[in-house]
Amino acid sequence: MDYKVKVRYLRIGRRKVARLLPFVKGEYVNHAISNLATMPQMSSVVLRKAIKSGIANAIFQSRNINPDTLWVKTAYVDKAPTLKRIRAASRGSADPILRRLSHITIVLSDDKKPEKKKLKAKSAKKEEAPKAAEV
């Protein structure tokens with residue numbers, strides 16, 4: 001079963017949050033939380049809280065679930081409305097200040113986690129380049 005968590009109107013830019021999502025996607029929740037705990041970015045705190053909230057939601061919805069079996073199925077960040085402010089500039093003009101917001105969506109699942117595909121090694125034979133004809 002899937003459990004969805006949404007963090008809306010977060011006062012951190014979308015790109016700053018999106019940098020940390022590869023460290024979370026496809027990981028078990030305990031491993032994802034420990035990955036985020038070692039990162040210095042402010043968005044790691046928000047992501048960690050969101051994952052913990054998702055664990056709490058899963059336990060509340062189905063009491064017999066084991067939190068150790070939960071893994072992050074998907075995680076993505078969307079753009080939220082931008083707060084527009086104005087700052088005084090030289091000669092009586094105004095410069096815009098754009099405070100960007102974001103929405104985070106995380107889906108946790110307790111289904112069996114798919115195995116990662118193994119990469120096949122390329123054949124040991126290397127093709128020789130054709131030799132140029134001598135004139």
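**Group meeting talk: a walk through a predicted model**

Hi everyone, let's start with the overall layout: the chain has 3 helices and 5 strands. Please keep in mind that this is a predicted model. Reading from the N terminus, the order of the elements is β-α-α-α-β-β-β-β. The chain has 135 residues, and 31% of them are buried.

Let me take you inside. Which residues touch the most other members of the largest nonpolar core? They are L47, I51, I104 and I106, in a core of 27 residues. Several elements give two or more residues to this core: strand β1 (2-10), helices α2 (29-37) and α3 (42-61), and strands β2 (71-79) and β5 (102-109). The element that gives the most is α3, with 6 residues. As general background, nonpolar side chains tend to be buried together in soluble globular proteins.

Now to strand β2, where you will find W71. Is W71 buried or exposed? W71 counts as buried, because its relative accessibility is 8% and the cut-off for buried is under 20%. Have a look at its neighbourhood too: the C-alpha atoms of W71 and S109 are 5.6 Å apart in space, although 38 residues separate the two in sequence.

Side chains of opposite charge can pair when their charged atoms come close. How many salt bridges does a search of the whole structure find? The count is 1. The partners are K73 and D2, and their closest N and O atoms are 3.1 Å apart. This pair links distant parts of the chain, since K73 sits in strand β2 and D2 in strand β1, 71 residues apart. Both ends are partly exposed: K73 has a relative accessible area of 38%, and D2 has one of 36%.

Q61 and Y3 are 58 residues apart along the chain, with 8.8 Å between their C-alpha atoms. Q61 belongs to helix α3 and, at 52% relative accessibility, counts as exposed.Over to the surface. Which residues gather in a patch of positive charge there? The members are R14, R15, K79, K84 and R100. Take K84 as an example: this lysine lies in strand β3, which covers residues 83-88. K84 counts as exposed because its relative accessibility is 60%, and exposed means over 50%.

In Y9, phi is near 55°, a positive value in a residue other than glycine. Y9 is placed in strand β1, and at 47% relative accessibility it counts as partly exposed. The other residue is R91, with phi near 60°, again a positive value in a residue other than glycine. Where does R91 lie? R91 is in the loop between β3 and β4, the latter being residues 94-99. R91 is exposed, with a relative accessible area of 86%.

Terms used:
Residues numbered from 1 in each chain as written. Predicted model: local features only at pLDDT ≥ 70, side-chain atom pairs only at ≥ 80, totals over all residues. Heavy atoms only, no water. Patch = residues over 30% accessible without salt bridge, like charges linked within 9 Å, V, L, I, M, F, W, Y side chains within 5 Å. Areas by Shrake-Rupley, 256 points an atom, 1.4 Å probe, with all protein chains shown as cover. Salt bridge = Lys/Arg side-chain N within 4 Å of Asp/Glu carboxyl O. Lys, Arg positive; Asp, Glu negative; His and termini not counted. Charge placed at Lys NZ, Arg CZ, Asp CG, Glu CD. Helix = DSSP H or I, 4+ residues; strand = E, 2+ residues; numbered from the N terminus. Buried < 20%, exposed > 50% of the residue type's maximum accessible area, 1.4 Å probe, protein only. Core = buried A, V, L, I, M, F, W, Y, C linked by side-chain atoms within 4.5 Å.
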